[in-house]
Amino acid sequence: MAMRMNWQLGRDMTYPYEAPPPKRQIAYIFDTNKCIECQTCTVACKTCWTSGKGQEQIFWNNVETKPYGGYPMGWDMRLLEETPPAKWQKEKLVSLTIFETDKPTDPPHGHRPDVQDYGAPNLGEDDITGLVDKGEHFGAMHPMWMFYLARICNHCDNPACLAACPRRAIYKRDEDGIVLVDQQRCRGYQECVRACPYKKVFYNLVGRASEKCIGCYPRVEQGEVALCVESCIGKIRLHGFLTTAAPPRADNPFDYLVKIRKLALPLYPQFGTAPNVYYIPPLHVHDGFLEQLFGHGVEQSKKMYRELSKDRQLLGALMLFGATNRIINRFAIEGDEAVGWDMDDREVVRVPFTERTYIREHYDGKHDVYRHNTT
Amino acid sequence: MSTATTPLDPQIRPDDEQYRGHRVFLLSILVTVLLLAVGLTMIHRDQQQQVIAQQVAHQQQLREQGVLLIPKISSIPKQPDPVAEFWTAAPIRKVTLKPQNVAMPAVYEAAITEADLQAVWDGSQIAFRVSWADSTVDQNVDTARFTDAVAIQFPLVRDASFMMGGKLFPVQIIQWKALWQKDIDEHFQDVQDVHPNYWADFYWFATPQDKHPAQGSPYRVPESFQNPTALMWFAAHQSKNPEAQFERRQPVQEMIAEGFGSLVAQTDSASRGCGVYQNGRWYITIVRPLTTEDREDFQFYPGQTDQIGVAIWEGSSKNVGGRKQYSDWISLQVQP
């Protein structure tokens, strides 16, 4: 057992393998406030990667409704029930991670879903927390709530799937931190399916091996964002890299949003895998629930998000979401625009803070037509 | 007158006394030789009897020591048959199975505690049979669904550990899976064999088959996926993962291991096999040549004492990988 620093927990934790961090770490930021659960991401991913026979129940990307939804069913609730509740002392986790609850020689604590748990991908969809009473009306804050949680593999710093594989068929790439299942070596033991707290490794009964999100690595290698990111019509997603070998850079949108400003938070950090999909928590959901999901930084994150209009650097970084299919390595605010440069330091995007407005004459003399404000 | 005499002249008789002496001498030599011959024969027979007695005693001793004795039979059929007549006469070695609780992931209670191990040879082939009681037949896989299986193991170097060998101490493992048996007996076990009512409108670039609409889907693996583009989504199959063979010829696979987690399929697999489930028991036979040219194969030599290990997986008990029950090394001897 090795001791590894988990920056999300503010402390060292045990992990079966000693390994230096990758050269850079693939990461995503999802803004839950903007997601409308259209599932375009899900379809983009499924059409490209998991539309083969045996992959019918495999969703590397899914969007579920919280609090009741989840795919596979109860993936998080079951683990939360089996593990001690998360306890934070300021920014330090004092409770045990899934690597620490069982005996040191045991695999990470997990539960293996049953086949029926994969039968209803949209279970709990749009369900709110409670019934709407007669005469209920909006009074600044809804008494009941729900929100959409888009989920993919977290390409964790400490992957539980990798730790659990007795064949060492799972590896984390040094060049970008993407976690992959070796499709030649896997013998389908499903230990990874059991160990992954996010249940993002799936068993393929035709391939007889386990499969997981590949982080669209053939695209990432070309400097392009993942399909789920590019296809997002709500522009809720940003895809790029966290700096691992040096202190966080303020001009890297990921370092800035995740590590410097801490606007985007990891999902269930208490499990200890150090996941790399970061969420901007939904403003309308109460802190108690959100702290269970995203850890200690919820209140501060919400405050920042509410005051975005006064925070041009932060707002500028958020304007880059969905603005280009290139991975943005560097950004800056130039005048009234947020500018992004790709991995080759080529300018790839320029987003104005204020959308330009064009006012055109009612009569178009060139075409001899009147313009109407209808479509 | 002078008479010419020759020894052959019948008229001339040799001196009686002289010749009597010769005769006695010759006779006594003859008797001695005869006695010697008889004596030697008796001694030899005695020795032979002693050798046989020793052999019997040795066999008895070996049997008592738990050595699996492998008798020679006239011929092992080409098609492996786990319930062939000759198995009833082959000696049975009872094998105790313990839960694998050394390496993670482990099981702490054995689902199968005992198996019967037998073997025969016919001069060129050697056949093993493992049988055990199992109340459930598990032949399909899915999430949280696992297949029954058995493996036999041989040390490729002296002192290799019975726990799948170790670094520089390789072992050969030959595994049979109930799933593979069903792939061969019926057809490649597809989605509809596990979920009969599962329906998908289409799969990219696949060719629908109109032969078996009643089987739940016009798309069957591998028949509908002959177009190379349609195979793109079968990542494990396209990576030549030995688990993802759509047209399997044998329900057994030869592998090499150097410790837990190091199992690798051999490129050439000379073993054949067959498993049947009868009256609440699995009967599995694995047949292979006594000796092969493959350096990764264990070689059997008559008269030599070797070792074998057995492992069994029980699907309903969620046995898979290291979650299994296994035996210590068991000595075996191919009887010359």
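Buried means under 20% relative accessible area. The close-ups below come from a predicted model.

**View 1. D117(A), a buried residue in a loop of chain A.** D117(A) has 10% relative accessibility, so the residue counts as buried. Its loop runs between β6 (92-93) and β7 (147-151) of chain A. The side chain of D117(A) makes a polar contact of 3.2 Å with the side chain of R78(A). A polar atom of the D117(A) side chain also lies 2.8 Å from the backbone nitrogen of D114(A). Leaving aside residues up to four places away in sequence, D117(A) touches Y71(A), P72(A), M73(A) and R78(A).

**View 2. The largest nonpolar core, around L267(A) and F294(A).** This core holds 76 residues, and L267(A) and F294(A) have the most contacts inside it. Helix α3 (residues 160-164) of chain A gives the largest share, five residues. Apart from this core lies another, of 32 residues, including W132(B) and F298(B).

**View 3. R151(A) over the face of W75(A).** R151(A) lies 3.6 Å from the ring centre. Both residues are touched by L267(A).

**View 4. The aromatic pair Y256(A) and F331(A).** The whole structure has 36 aromatic pairs over all chains. In this one, the ring centres are 5.8 Å apart and the planes stand at 55°, so the pair is tilted. Y256(A) belongs to helix α7 (residues 253-260) and F331(A) to strand β15 (residues 328-334) of chain A, so the pair ties together parts 75 residues apart in sequence. Y256(A) counts as buried at 7% relative accessibility. F331(A) counts as buried at 2%.

Key:
Residues are numbered from 1 along each chain as its sequence is written. Chains are lettered from A and ligands numbered from 1 in the order in which they are written. This is a predicted model: local features need pLDDT of at least 70, side-chain atom pairs count only at pLDDT 80 or more; totals for chains, interfaces and linings use all residues. Side-chain values use heavy atoms; hydrogens and water are left out. A nonpolar core is a set of buried Ala, Val, Leu, Ile, Met, Phe, Trp, Tyr and Cys residues joined through side-chain atoms within 4.5 Å. Buried means under 20% relative accessible area, exposed over 50%, partly exposed in between (1.4 Å probe, protein chains only). Helices (H or I, at least four residues) and strands (E, at least two) are DSSP runs, numbered from the N terminus. Contact means heavy atoms within 4.5 Å. A polar contact is a pair of N or O atoms within 3.5 Å; within protein, one must be able to donate a hydrogen and the other to accept it, and residues adjacent in sequence count only if both atoms are side-chain atoms. Rings of Phe, Tyr and Trp (its six-membered ring) pair if their centres lie within 6.5 Å; planes under 30 degrees apart count as stacked, over 60 as edge-to-face and the rest as tilted. A charge sits over a ring if NZ of Lys or CZ of Arg is within 6 Å of the ring centre and within 35 degrees of the ring normal.
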